[in-house]
Amino acid sequence: MQLRNNAITFSGFVRRGRRLRVLIADDHRIVLETLAAVLSAQHFNVVGTAENGRRAVLLARHRRPDVVVLDVTMPVLGGLDAARLILHAQPKTAVLFLTDHAEDHVVLEGLRLGVHGFVVKAQGLDDLVQAIRDVGAGAIYVSALYSRSVLQAFAAGSAATGPRLSDRERQMLRLIAESKSTKEAAAAMAISVRTAECHRGSLMNKLGIHDTAGLVRYAIRQGVIVA
């Protein structure tokens, strides 16, 4: 977990070797053009822009972005519904909401859908750029406007009974959620890297979760880590 001035992030594993492919959706043309120019200047590959949620879903399906930046309130199809369709069809795509004033329940519903982050438009462009990099690396990014209360509510309200984890699997889950690599986790657990890989594989198979961000969300829900 990383605490910054504007957000709390739970880190994952970084995609390396190419620029992140980003799709932007907002119902204001000036916002779209500004964001596209800024993100291109920051070495992102902007693969498309959309002025409504339905268009965003179609473009995401055809252009396969790494990150989709979605306005919460859009015509034709709202941000939550668009996110649901995108994540269902492309679970490896990270969705980041850009919002004026999303209420806590919207943020909670988004997190439960699998959305990777929320950035408030009142924040600076540098925060948006950092958020895209974070979620593109598998992290969960939540603006500090929501982070404490919302993540605590997410943990309290979403905790559900699940598969029983061994002490080692629970320890591995906590270390993964704390951004530890398999090698670092092995050192922390005083076991070999091969054994750590076995615990990690067993954990993912038992939970049916095969990505780091999903494990982080599960860890929050189960109270393994606390925001």
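## Ground rules and overview

Because this is a predicted model, local features need a pLDDT of at least 70 and side-chain atom pairs count only at pLDDT 80 or more, while totals for chains, interfaces and linings use all residues. Residues are numbered from 1 along each chain as its sequence is written, and side-chain values use heavy atoms, with hydrogens and water left out.

The protein chain has 10 helices and eight strands; these are DSSP runs numbered from the N terminus, with helices (H or I) of at least four residues and strands (E) of at least two. Of its 227 residues, 51% count as buried, where buried means under 20% relative accessible area, exposed means over 50%, and partly exposed is in between (1.4 Å probe, protein chains only). Take the contacts (heavy atoms within 4.5 Å) between residues at least 6 apart in sequence: 68% of them join residues at least 24 apart.

## H2 against H3

Start with helix H2 (residues 53-63) and helix H3 (residues 79-89), whose axes come within 9 Å and cross at roughly 15°. Axes here are lines fitted to C-alpha atoms, for helices over the stretch in contact, and angles run from 0 to 180 degrees between N-to-C directions. So H2 is roughly parallel to H3; the cut-offs are under 35 degrees for roughly parallel, over 145 for roughly antiparallel, 65 to 115 for roughly perpendicular, and oblique for the rest.

On the H2 side, Gly53, Ala56, Val57 and Ala60 meet Ala82, Leu85 and Ile86 of H3. By class, that contact has six nonpolar residues, one polar and no charged ones. Ala, Val, Leu, Ile, Met, Phe, Trp, Tyr, Cys and Pro count as nonpolar, Asp, Glu, Lys and Arg as charged, and the others, Gly among them, as polar.

## H7 against H8

Helix H7 (residues 167-177) packs on helix H8 (residues 182-189) at an angle of about 130°, with the axes 10 Å apart. That makes this pair oblique, and the crossing is again a right-handed one. Arg168, Gln171, Met172 and Leu175 are the H7 residues that meet Ala185, Ala188 and Met189 in H8. Sorted by class, the H7 and H8 contact has five nonpolar, one polar and one charged residues.

## The two sides of H8

Ala185, Ala186 and Met189 are the buried residues of H8. Looking down the H8 axis, they fall within an arc of 100°, so they line one face of the helix; the arc is that of the directions from the helix axis to the C-beta atoms. An α-helix has 3.6 residues a turn, so residues three or four places apart point the same way.

What covers the buried residues of H8 includes H7 and helix H9 (193-207). Over on the other side of H8, Lys183 and Ala187 are exposed. Just after H8, alanine 190 takes a positive phi of about 60°.

## Positive phi in two loops

Histidine 43 isn't a glycine, yet its phi is positive, near 70°. You'll find histidine 43 in the loop between helix H1 (29-41) and strand E4 (45-50), where it is exposed with a relative accessible area of 58%.

Valine 76 also has a positive phi, about 70°, although it is not a glycine. Its place is in the loop between strand E5 (67-71) and H3, and valine 76 is exposed, with a relative accessible area of 58%.

Methods: A crossing is left-handed if the near helix is turned anticlockwise from the far one by less than a right angle, and right-handed if clockwise.
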